[in-house]
2 protein chains.
Amino acid sequence: MSQKIQWGILGTGSIAHKFATGLSFLSDAELVSVGSRNTERANQFADGFDIPNRHPSYESLASDPNVDIIYVATPHNLHCENTQLCLESGKAVICEKPFAINADQATRMIESAQAEKLFLMEAMWTRYLPLMVELQAMLAENLIGEVRMLTADFGFRAGINPESRLFTPKLGGGALLDVGVYTVSLSSMIFGSPTQVVSLAHLGETGVDEQAGIVLGHAQNELAILHTAIRTNTPQEAIIMGTKGRIR
Amino acid sequence: MSQKIQWGILGTGSIAHKFATGLSFLSDAELVSVGSRNTERANQFADGFDIPNRHPSYESLASDPNVDIIYVATPHNLHCENTQLCLESGKAVICEKPFAINADQATRMIESAQAEKLFLMEAMWTRYLPLMVELQAMLAENLIGEVRMLTADFGFRAGINPESRLFTPKLGGGALLDVGVYTVSLSSMIFGSPTQVVSLAHLGETGVDEQAGIVLGHAQNELAILHTAIRTNTPQEAIIMGTKGRIR
C-alpha cells in the first residue's frame, strides 16, 4: 500500500481541473479516482490526469476502497448531499466553498464527520495563501496592537443570466455564497465566530442576493464590516484596524 | 437697515471661533451679536470679533431684534433646547452637527421651524466642500452609471477620558454623533433617506459607542456600508460604486 494519501475527486468541472492540477505538485498526494454522474465526463477527466479509477456515479466513487479522502467539487447546492455520501462511506472530505448553503446543512455535515470520526474541511484556499500565513504571524506578534475592526469586500459585476448558477436560488446563487464567503472567512480567521450578525441585502429579480452589507459583532466587541456583490464591482480590499495601526 | 444678513452666535467655544472667522469673509454677512451663559466669555468673544451686541444669556441673544439668524455652537446635548429657544424667538437657525442627539429631538426642531416658518439647517459643512459640489455634478452626469453601493468611514483613536464630552453619554458623546454623522450625511446626500437601518456598536466603559458598523438600505436597493470609531483609527475614505465605475 502506498504511503501517499489517496485522493478522489467528486465532480469534473473547472474547479476540479484546477484542484487535480494542484494535487499533481504534491509529493504526498496521489489522485487515484474520479467520479461523475456522466461516464464520458469521468473518463475524459481521468484520461487528462492519468487517474486509474473512474466511476460513473458519486456512490461508486464514495465506496472506492482505494480512496482515503474525497474532494467535493460540485455546485453549491449539492455540497451537503455529496459530502454526507462520502462521510457515510468512510471517506474524509475536503468540500469546495461555500461549505453549505445554510447553517442547517453545515451543522449536519459537521455532526456526520464527528460521528464517523473523519476529517472534514472547507476548501477555503485563501486561508493558506502565503500572505495570510504572514498576516496571522503579524497579528500574533501584536504588530498593530489589539485588533478592533475589519473591513473586507469581494464583489464583481456579472451580466444577469437567470439560467446561470450565480443567479439561480436553487443552485445556491447570489453574492454571499459565491464571493461573500471569502470576507466572512477572513473575519472568522481573525476574530473567530461572531456573537451578533446584522445584514441588509438586495435580492434581485431572480431572487438571489445581488449585493449585501454585513456587520459581524464579536465577543471582545470587535466589528467586521463586510460587503459583497455580483452586480457591482467593489474594490476587493481588506483593512484590519488595531489600536496601534492598520494592515491593508 | 443693513442689506446684510445679521448673524448671532450662541456659544463661544472653538467651533464658534471658526465660524465667526468664516463669516468675516462673507460679503453678505454681518456678525452683530453673541450670547454666552457667562458674561465674561461673551465679552471676550465679542471683543475678538468686533461684535457690537454681547448677551449674558442665550435668552437675551434669542430676543435681540438686530439678529436675523443664529448659529448654535453649543455641545451636542444642548442643540435641541437652544435651537428651540431661537426658533420660538423668531430667529432662523443654523445648528452645529450633530443636529440632535436622537430622532425625537430632530423631529421637534423641524416641526418648530415649520410652525414658525423659519429657516433651519444643520451646519454640515462637508456638504458644501468644492469636492462635494464636484461629486454631485459627476453623479448627476451619470459618470459611474447607476450608483449601487457606498462605503464610508470616519474614525480616530482618542485616549479615554471619562470626563470629556466625547466619552460622556449625557453630553451626546460617542462615535456616531461626533464623526459617524459625516458618513450618514454623505449617504443621505447620495441616496436620500434610508428605508432600512441595521447596526452593531461597541458601547465602551463610559456607555458611549466607541465603534459602530452601520448598513443603510434604500428604496432602489442601494446600500451604504458605514463605520465609525473614536478609539480606532480608520482610513477615512469613501468609495461610491456604480454600474460603470467607482469614485474613491
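Q: What makes R248(B) and E237(A) a salt bridge?
A: In this predicted model, their closest N and O atoms are 2.7 Å apart. A salt bridge needs a side-chain nitrogen of Lys or Arg within 4 Å of a carboxyl oxygen of Asp or Glu. So R248(B) and E237(A) qualify. Between chain A and chain B the count is 2 salt bridges.

Q: Which residues do salt bridges with shared partners join into one network?
A: The network holds E237(A), R248(A), E237(B) and R248(B). Within chain A, the side chains of E237(A) and R248(A) meet at 3.3 Å, N to O.

Q: Why is R248(A) called exposed?
A: Its relative accessible area is 52%. Exposed means over 50%, buried under 20%, and partly exposed in between (1.4 Å probe, protein chains only). So R248(A) is exposed. E237(A) has 24%, so it is partly exposed.

Q: Why does the pair of E210(A) and R231(A) count as a salt bridge?
A: The N to O distance is 3.9 Å, within the cut-off, so the pair counts. E210(A) lies in strand β9 and R231(A) in the loop between β10 and β11, so the bridge ties together parts 21 residues apart in sequence. Strands (E, at least two residues) and helices (H or I, at least four) are DSSP runs, numbered from the N terminus.

Q: Are E210(A) and R231(A) buried or exposed?
A: E210(A) is at 6% relative accessibility, so it counts as buried. R231(A) is at 19%, so it counts as buried too.

Q: Why is the pair of F19(A) and Y71(A) called stacked?
A: The ring centres are 3.6 Å apart, with 10° between the planes. Rings of Phe, Tyr and Trp (its six-membered ring) pair if their centres lie within 6.5 Å; planes under 30 degrees apart count as stacked, over 60 as edge-to-face and the rest as tilted. F19(A) lies in helix α1 and Y71(A) in strand β4, so the pair ties together parts 52 residues apart in sequence.

Q: How many residues does each chain bring to the contact?
A: Chain A gives 36 residues and chain B gives 36 residues. Contact means heavy atoms within 4.5 Å.

Q: What rules apply to the model and its numbering?
A: In this predicted model, local features need pLDDT of at least 70 and side-chain atom pairs count only at pLDDT 80 or more, while totals for chains, interfaces and linings use all residues. Residues are numbered from 1 along each chain as its sequence is written, chains are lettered from A and ligands numbered from 1 in the order written, and side-chain values use heavy atoms, leaving out hydrogens and water.
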